[in-house]
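Thanks for coming. I have one structure to go through today, and I will keep to a few points.

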Amino acid sequence: MRLCLFSGSSPGHQPIYAEAATRLGHVLADADIGLVYGGASVGLMGAAADAAQAHGGEVIGVIPRFLVEKEVAHNGLQDLRIVDSMHQRKALMAELSDGFIALPGGLGTLEELFEVWTWAQLGQHTKPCALLNINGFYDGLSTFLDHVVAEGFLKQVHRDMLIVEEDVATLLAVMHNYQAPPVTKWIKQEHT
């Protein structure tokens with residue numbers, strides 16, 4: 001089993017974020033769950049990868065060539081895959097993974113998570129998508145998503161597809177037991 005990590009290329013301003021990334025890397029390795037991530041040596045990405053690898057875990061980095069050239073690639077990985085574009089990066093990460101976890105991060109983290117969650121909503125995969133809500137980082141996003149449901153732009157069944165937990169062990173247990181809903185996004189013209 002492998003889980004894909006989306007997370008910041010920055011460590012953030014609070015040490016708790018890097019501590020959580022390190023803990024996640026340790027827990028994944030100890031549970032014999034491989035880590036697939038963006039292939040960088042920096043930020044929360046690098047912290048999780050270093051921790052997993054230090055505990056003997058499988059770590060696969062996927063990075064586009066233009067980021068390698070900016071010298072952020074993690075050269076200490078046993079499996080670093082270099083691709084030509086961000087689109088290829090995301091496609092390969094998704095193909096290699098059995099589920100997706102987002103740690104705190106910025107635009108790239110949110111974009112990656114929302115894309116795979118959208119794919120799940122459209123029935124393109126049945127893999128769990130999750131937020132590791134460290135220090136309440138994703139509280140505002142969760143509130144906003146509830147607002148999107150209340151305003152009729154997201155069905156509750158699709159909102160419920162996004163797992164949100166504060167503890168790594170609890171998150172992994174919920175992901176392990178996840179079953180995608182049989183409901184699809186498609187609606188009939190008369191419902192628009």
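Is A40 buried or exposed? Keep in mind that this is a predicted model. A40 sits in the loop that joins strand 2 (34-37) to helix 2 (43-54). Its relative accessible area is 3%, and buried means under 20%, so A40 is buried.

What is A40 in contact with, once its neighbours within four places in sequence are left aside? The list is M45, G46, I63, V72, A73 and H74. As for A102, that residue is 62 residues from A40 in sequence, and the C-alpha to C-alpha separation is 15 Å.

Next, the core. The largest nonpolar core has 57 residues. Those that touch the most other members are L5, F6, L35, Y37, I101 and L103. Take L35 from that group. Not counting residues up to four places away in sequence, L35 touches L3, L5, L28, A48, A49, A52, E58, V59 and I60. As background, nonpolar side chains in soluble globular proteins tend to be buried together.

Last, a helix pair. Helix 4 covers residues 86-96 and helix 5 covers residues 107-121. They pack at about 55°, and their axes are 12 Å apart. That angle makes helix 4 oblique to helix 5. The crossing of helix 4 past helix 5 is right-handed.

Which residues make the contact? On helix 4 they are R89, K90 and A94, and on helix 5 they are E111, E112, E115 and W119. Sorted by class, this contact between helix 4 and helix 5 has five charged residues, two nonpolar and no polar ones.

That is what I had.

Key. Residues are numbered from 1 along each chain as its sequence is written. This is a predicted model: local features need pLDDT of at least 70, side-chain atom pairs count only at pLDDT 80 or more; totals for chains, interfaces and linings use all residues. Side-chain values use heavy atoms; hydrogens and water are left out. Axes are lines fitted to C-alpha atoms, for helices over the stretch in contact, and angles run from 0 to 180 degrees between N-to-C directions. Helices (H or I, at least four residues) and strands (E, at least two) are DSSP runs, numbered from the N terminus. Angles under 35 degrees count as roughly parallel, over 145 as roughly antiparallel, 65 to 115 as roughly perpendicular and the rest as oblique. A crossing is left-handed if the near helix is turned anticlockwise from the far one by less than a right angle, and right-handed if clockwise. Contact means heavy atoms within 4.5 Å. Ala, Val, Leu, Ile, Met, Phe, Trp, Tyr, Cys and Pro count as nonpolar, Asp, Glu, Lys and Arg as charged, and the others, Gly among them, as polar. A nonpolar core is a set of buried Ala, Val, Leu, Ile, Met, Phe, Trp, Tyr and Cys residues joined through side-chain atoms within 4.5 Å. Buried means under 20% relative accessible area, exposed over 50%, partly exposed in between (1.4 Å probe, protein chains only).
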